[in-house]
Amino acid sequence: MPDRVFALNGPNLNLLGQRQPEIYGAATLADVERECAALCGELGLALEFRQSNHEGVLVDWVQEARGAAKAIVINPGAFTHTSVALLDALNAFDGPVIEVHISNVHKREDFRRHSYVSLRADGVIAGCGTDGYGLALRRVANLLARP
Ligand code: CA2
């Protein structure tokens, strides 16, 4: 049985590829999911890829991952900078957590430099465009093989 990984995406990431390509690139979220699924096939991982605009839904999915996934890759969108609830949920998850940001949050407004999720994340990838998802999945595969 391949190890299952949840890849969770926060608010507005459903708009990827439709607006602000200078910041977030041209790929749509469906493109990103397709690339992640292909990579997971190579890495021997089973992917569950989801997006929600709602904080509580993301919290529910992180809780669901406790029984259903070995690792979480998460781009929490703007909840990165605001959500203690998401941090608390991630703190109740035992496996590796990798935080992904498409843009370089450190090159933008000051408020984007603080992440509640980083207090729990085992790794953080920012500013690598949508390639960051693949980098995060490779890291997860390594961590699950050699904890
Ligand atoms: O760089 C990232 O991946 C972010 O997590 C994206 C969030 C932002 O609030 C974080 O500070 C950094 C915003 C996601 C919005 O995505 C859009 C994509 C295309 C068009 C409009 C919004």
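## Pockets and annotated sites at a glance

The side chains of Arg112 and Glu109 are joined by a polar contact of 2.6 Å (a pair of N or O atoms within 3.5 Å; within protein, one must be able to donate a hydrogen and the other to accept it, and residues adjacent in sequence count only if both atoms are side-chain atoms). Keep in mind that this is a predicted model, where local features need pLDDT of at least 70, side-chain atom pairs count only at pLDDT 80 or more, and totals for chains, interfaces and linings use all residues. Numbering runs from 1 along each chain as its sequence is written, and side-chain values use heavy atoms, with hydrogens and water left out.

**Annotated positions**

- UniProt, in an unreviewed entry, puts the feature "binding site" at Asn75, His81, Asp88, Ile102, Ser103 and Arg112; such annotations may be inferred rather than shown by experiment.
- These positions cover 38 residues of sequence and are spread in space too, up to 24.5 Å between C-alpha atoms.
- From this set, Asn75, His81, Ile102, Ser103 and Arg112 are in the lining of the largest pocket.

**The pockets**

- The largest pocket holds about 390 Å³ of space. On a 1 Å grid over the protein atoms alone, a pocket is an open set of points where a 1.4 Å probe fits, with protein on both sides within 12 Å along at least five of seven lines; lining residues have an atom within 4 Å of a point.
- A volume is the space filled by probe spheres set on the points, with grid points joined across faces, edges and corners.

**Residues to look at**

- Arg112 sits in the loop between strand 4 (97-101) and strand 5 (123-126); strands are DSSP runs (E, at least two residues), helices likewise (H or I, at least four), numbered from the N terminus.
- Arg112 counts as buried because its relative accessibility is 17%, buried being under 20%, exposed over 50% and partly exposed in between (1.4 Å probe, protein chains only).
- Leaving out residues up to four places away in sequence, Arg112 touches His81 and Val105 (contact means heavy atoms within 4.5 Å).
- Asp88 belongs to helix 4 (residues 84-91) and is partly exposed at 46% relative accessible area.
- Thr80, in the loop between strand 3 (71-75) and helix 4, is buried at 0%.
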